[in-house]
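I set down here what I looked up in this structure, entry by entry.

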Amino acid sequence: MAQDETGRDLERHERFRGEYPIVVEGLTNRFGDQVVHQDLDLKVRRGEILGVVGGSGTGKSVLMRSIIGLQTPAEGEIEVFGRSVVGTDPEDDIGIRNRWGVLFQGGALFSTLTVGENVEVPLKQFYPDIEPKLRHEIARYKTILSGLPEEAVSKYPSELSGGMKKRAGLARALALDPELLFLDEPTAGLDPIGAAAFDNLTRALKETLGLTVFLITHDLDTLHEICDRVAVIADKKVIAVDTVPNLMELDHPWIQEYFNGPRGRAALTAQALDELRKHMDKPLAANVVKALDKPPAGKA
Amino acid sequence: MGGFAEYELVEESDGGNVLVLSGPYLVSTIGPVDGDLCTLEGQIQKIDLSGVSEIDTVGAWVACSISRQFDAEIIGASERAERLIGALKDTTSEEEISAPRLPVWKRVPGAIGEKLYNARSGMYGVIGFLGALLLSVGSLLRHPKRFRWLALVRQLELVGVSALPIIGLMSFLIGIVIAQQGAVQLAQFGAETLTVNLVGRITLRELGVLMTAIMVAGRSGSAFAAQIGTMRLTEEVDAMQTIGISPMEALVVPRIMAAVLMMPLLGFYSAGVAIVGGAVVGQFMLGIPFWTFLTRIQDVVPLYDLWVGLLKAPVFGLIVALAGCYHGMQVKGNSEEVGLRTTMAVVTGIFAVIVIDAFFAVFFTEIGWG
């Protein structure tokens with residue numbers, strides 16, 4: 001890697017220009033005799049929000065952990081930003097690891113540090129030459145950018161609610177202005193209002209910062225609202241990657257049950273209602289919304 | 001590509017100053033120029049970003065804060081730069097990053113007061129817990145069918161049987177140390193043979209039981225606190241209660257009984273192994289044959305020394321197990337609490353054992369078992 005005289009590598013600040021920031025080929029993961037993934041392929045397009053769904057225990061989190069290097073796969077090749085991350089020396093990953101941010105399920109905030117100090121940790125680790133004053137400023141604006149009130153900067157994780165912890169985790173994930181963001185069930189355990197707000201935040205950040213988002217979720221509303229494409233994991237493979245409407249056409253029992261089950265249909269209706277509300281000035285649409293909002297008389 | 005973040009202050013023909021930024025303005029490149037940019041002086045009317053090749057929120061933030069400081073206009077921003085600057089406009093804040101800390105002269109008395117207050121409420125808690133324990137033992141005596149024999153046997157194994165190797169090794173080494181060090185001192189009076197008295201009396205009366213209690217506090221007291229604490233976190237204890245099982249009967253009574261029953265056995269075992277350790281030293285260093293050492297023990301150790309040890313042991317077992325179970329049941333909130341309570345269980349258990357041991361020492365001497 002080319003380096004200047006101060007030892008900083010020069011390639012680091014070049015944004016990824018290729019089409020697929022994440023390429024997974026022939027991935028196999030095993031725990032003892034239990035095979036989690038068998039010959040799994042997945043490509044994530046630059047600038048998209050890719051939702052990853054699958055039943056419990058199908059290895060969604062294991063896939064994410066394989067990509068970010070926390071789980072060494074039994075076989076297969078994983079490339080992030082065009083560079084292999086399997087079996088490489090952790091020292092060599094350094095040009096990759098500061099270009100992604102990860103939000104773990106529980107937030108995984110360091111409990112002995114305040115939110116602001118949590119955001120500063122990756123900055124201190126990778127860019128110690130940034131002046132403390134600017135570093136504090138960065139910590140503050142990232143916290144606010146993640147939708148937290150400014151007082152939250154000096155609070156400890158134990159003083160935050162579940163939703164605020166997730167936002168604080170997001171602020172830390174965004175600390176280094178990553179190009180790639182991994183979110184593991186970001187809306188799990190949030191109330192519907194908080195979940196919707198988090199979805200909007202994810203979308204807004206993706207558009208403003210030009211992120212590529214790898215999003216594991218069970219939340220059908222999230223899939224309908226913000227995901228550009230959805231990858232379905234079943235039978236130890238990614239069986240389909242497509243937009244939600246296209247996936248619903250597919251004739252796979254799990255996909256059908258997932259998207260066309262009662263909850264899937266409810267999420268779809270909710271989204272359709274939202275679309276209609278945007279055109280409320282049209283009298284017909286208003287009537288349709290009114291009619292759909294009222295529960296059927298018989299069921300009540 | 002690559003390169004460095006650079007800046008230049010250009011004076012325009014109309015007298016205004018333009019700050020021209022060029023190169024990548026990213027979190028990875030901002031370090032070297034940030035310090036200089038902070039100390040800019042004079043008047044700046046415009047900030048020209050047209051030479052900036054790459055920008056992220058950090059670069060945009062720096063441009064933003066300079067523009068705010070000098071009331072300058074940002075020109076030549078790319079579409080991405082404008083988007084980022086737009087997003088950062090309303091994110092200024094003066095909030096401190098670190099949590100506020102009280103000055104020392106307030107913090108220290110505060111901490112002491114809190115400790116004292118907690119100690120008082122802790123005392124109430126322990127006494128209440130002991131009362132609840134006695135009540136459930138009483139109700140178990142009236143309904144012996146409810147007693148959980150299986151749990152008791154399991155705990156007897158965990159507290160007693162599986163502790164044998166480590167307690168044996170510890171006691172053997174302690175016996176060796178006492179005999180060897182004692183012999184060195186006694187040799188000054190030409191009384192090496194009294195080493196037998198020293199080892200026999202001190203292990204049976206004091207050290208066997210005391211060291212065992214400390215070991216049981218470390219092994220089992222901590223395990224009790226951690227197990228029960230984790231069960232509280234996962235709401236298993238609450239689930240038990242709703243099903244109608246008393247956690248006192250199901251969790252606490254078997255553990256405390258196991259410790260009370262096992263401590264005398266372990267204490268006696270420990271003393272025995274320590275005497276064997278002393279006898280080994282006698283054989284190889286003092287010229288007292290191994291079997292002679294053991295038979296001499298019968299002559300020089302009064303029987304009441306054995307009783308002193310055996311009477312203290314169940315009390316120590318009760319204290320250690322009570323501390324473990326009490327702190328386990330106090331866990332609430334998060335997993336950090338489990339670690340905290342486990343530490344407290346071990347520390348208070350050992351401390352209480354040593355305090356009670358001092359009382360016992362005085363008591364037994366006063367009744368003539370000196």
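**Entry 1. Helices α2 and α3 of chain B.** I began with the contact in which B:Thr57, B:Ala60, B:Trp61, B:Ala63 and B:Cys64 of α2(B) meet B:Ala81, B:Leu84, B:Ile85 and B:Leu88 of α3(B). I counted two residues as in contact if their C-beta atoms, placed from the backbone, lie within 7 Å. By class, the residues of this contact are eight nonpolar, one polar and no charged. Ala, Val, Leu, Ile, Met, Phe, Trp, Tyr, Cys and Pro count as nonpolar, Asp, Glu, Lys and Arg as charged, and the others, Gly among them, as polar.

I then looked up the geometry: the axes of α2(B) (residues 57-70) and α3(B) (residues 79-88) come within 9 Å and cross at roughly 70°. Therefore α2(B) is roughly perpendicular to α3(B) (65 to 115 degrees). Axes are lines fitted to C-alpha atoms, for helices over the stretch in contact, and angles run from 0 to 180 degrees between N-to-C directions. Helices (H or I, at least four residues) and strands (E, at least two) are DSSP runs, numbered from the N terminus.

**Entry 2. Provenance.** I noted that this is a predicted model, in which local features need pLDDT of at least 70, side-chain atom pairs count only at pLDDT 80 or more, and totals for chains, interfaces and linings use all residues. Residues are numbered from 1 along each chain as its sequence is written, and chains are lettered from A and ligands numbered from 1 in the order in which they are written.

**Entry 3. Helices α4 and α9 of chain B.** I found that the axes of α4(B) (residues 104-142) and α9(B) (residues 247-286) come within 10 Å and cross at roughly 100°. On α4(B) the contact involves B:Ala132, B:Leu133, B:Ser136, B:Val137 and B:Leu140, and on α9(B) it involves B:Met248, B:Glu249, B:Val252, B:Val253 and B:Ile256. Eight of these residues are nonpolar, one is polar and one is charged.

**Entry 4. Chain B against chain A.** I looked up the interface, where 33 residues of chain B are in contact with 36 residues of chain A. On the chain B side, α1 (31-38), α2 and α3 each give two or more residues. That side has 15 nonpolar, ten polar and eight charged residues.

**Entry 5. A sheet in chain A.** I recorded an open antiparallel sheet of four strands in the order β2-β1-β4-β5 (chain A), where strands pair if DSSP finds at least two bridges between them. β2 (34-44) and β5 (83-84) of chain A are at the edges with a single partner strand each, so one side of each lacks a neighbour in the sheet. β4(A) (residues 75-80) pairs with β5(A) over two bridges, and A:Val80 stands opposite A:Arg83.

Conventions. Parallel < 35°, antiparallel > 145°, perpendicular 65-115°, else oblique.
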